[in-house]
Amino acid sequence: MLFAALVVASAAPVLAAELSGAARNPPALLIEHARARPTPPGVNVAAVYLRIVNAGGADRLLRLSAPVAEQVQLHETRSEQGVMSMRQLPFLDIPANGSIDAAPGGLHIMLRGLKAPLRNGDHFTLTLVFGEAGTLTANVSVRADP
Ligand SMILES: [Cu+2]
């Protein structure tokens with residue numbers, strides 16, 4: 001018990017130094033393959049899928065927006081006891097030197113309150129706000145087979 005307490009105490013200053021940002025490696029983010037499916041008539045929600053590749057330090061995706069929709073949210077699809085459900089995530093951590101895939105059946109970006117149907121061949125802008133990297137934009141392609 002004493003040993004465990006000593007380990008925690010000695011690890012704390014290291015963690016504090018990492019969180020201070022003083023020696024942190026800046027993120028280097030690239031957004032790839034941003035895509036959405038066309039929406040059927042009468043449907044005003046759609047999912048955007050994409051890949052975020054990070055060649056630098058850790059970051060956090062904080063907010064999203066798009067001119068085509070009233071709201072843009074981070075969602076995760078989960079299966080619990082055979083029932084699929086979606087929940088909204090408050091933010092998304094982007095690992096250092098890693099990548100995040102938003103793909104069908106899992107993590108996705110949800111457009112709510114679409115102002116017009118998404119049609120095959122359309123493109124629209126998605127704005128992503130990160131804690132470290134700031135604001136990035138992605139060009140989303142609407143296509144039938146994302
Ligand atoms: Cu969703």
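Why does Leu 126 count as buried? With 23 C-beta neighbours inside 10 Å, Leu 126 passes the cut-off of 20 or more that a buried residue needs, and therefore it counts as buried. The model in which this residue sits is a predicted one, and its chain holds 1 helix and 10 strands. Read along the sequence, the elements follow the pattern α-β-β-β-β-β-β-β-β-β-β.

**The chain as a whole**

- Of the 146 residues in the chain, buried residues make up 18%, and Leu 126 counts among the buried ones.

- Leu 126 lies in strand β9, which covers residues 123-130.
- Once its neighbours within four places in sequence are left aside, Leu 126 is in contact with Ala 34, Val 48, Leu 64, Ala 66, Thr 137, Ala 138 and Val 140.
- Between the C-alpha atoms of Leu 126 and Ile 109 there is a separation of 10.0 Å, and these two residues are 17 residues apart along the chain.
- The largest nonpolar core has 23 residues, and within this core Val 48 and Leu 126 are the residues that touch the most other members.
- The elements that give two or more residues to this core are β1 (29-36), β2, β3 (59-65), β8, β9 and β10 (134-142), and the largest share, 4 residues, comes from β2.
- Val 48, again leaving aside neighbours within four places in sequence, is in contact with Ala 34, Ala 36, His 108, Ile 109, Leu 111, Leu 126 and Val 140.
- As general background, nonpolar side chains tend to be buried together in soluble globular proteins.

**Strand β8 and its partners**

- Strand β2 (residues 45-54) and strand β8 (residues 107-114) run antiparallel and are joined by 4 bridges; in this pairing, Ala 47 stands opposite Met 110 in β8.
- Strand β4 (residues 69-80) also runs antiparallel to β8, and 7 bridges join the two; here the bridge partner of His 75 is His 108 in β8.

**The hairpin of β4 and β5**

- β4 pairs with strand β5 (residues 83-89) in the antiparallel sense over 7 bridges, and the bridge partner of Ser 79 is Met 84 in β5.
- These two strands form a hairpin with 2 residues between them, in which Gln 81 takes a positive phi near 50°.

**Strand β10 and its partners**

- β9, the strand in which Leu 126 lies, pairs with β10 in the antiparallel sense over 8 bridges.
- Together β9 and β10 form a hairpin with 3 residues between them, and the bridge partner of Phe 130 is Gly 134 in β10.
- β1 pairs with β10 in the parallel sense over 2 bridges, and in this pairing Ala 36 stands opposite Val 142 in β10.

Technical notes: Residues are numbered from 1 along each chain as its sequence is written. This is a predicted model: local features need pLDDT of at least 70, side-chain atom pairs count only at pLDDT 80 or more; totals for chains, interfaces and linings use all residues. Two strands pair if DSSP finds at least two bridges between them. A residue is buried if 20 or more other C-beta atoms lie within 10 Å of its own, exposed if 12 or fewer, and partly exposed in between; C-beta atoms are placed from the backbone. Two residues are in contact if their C-beta atoms, placed from the backbone, lie within 7 Å. A nonpolar core is a set of buried Ala, Val, Leu, Ile, Met, Phe, Trp, Tyr and Cys residues joined through C-beta atoms within 7 Å.
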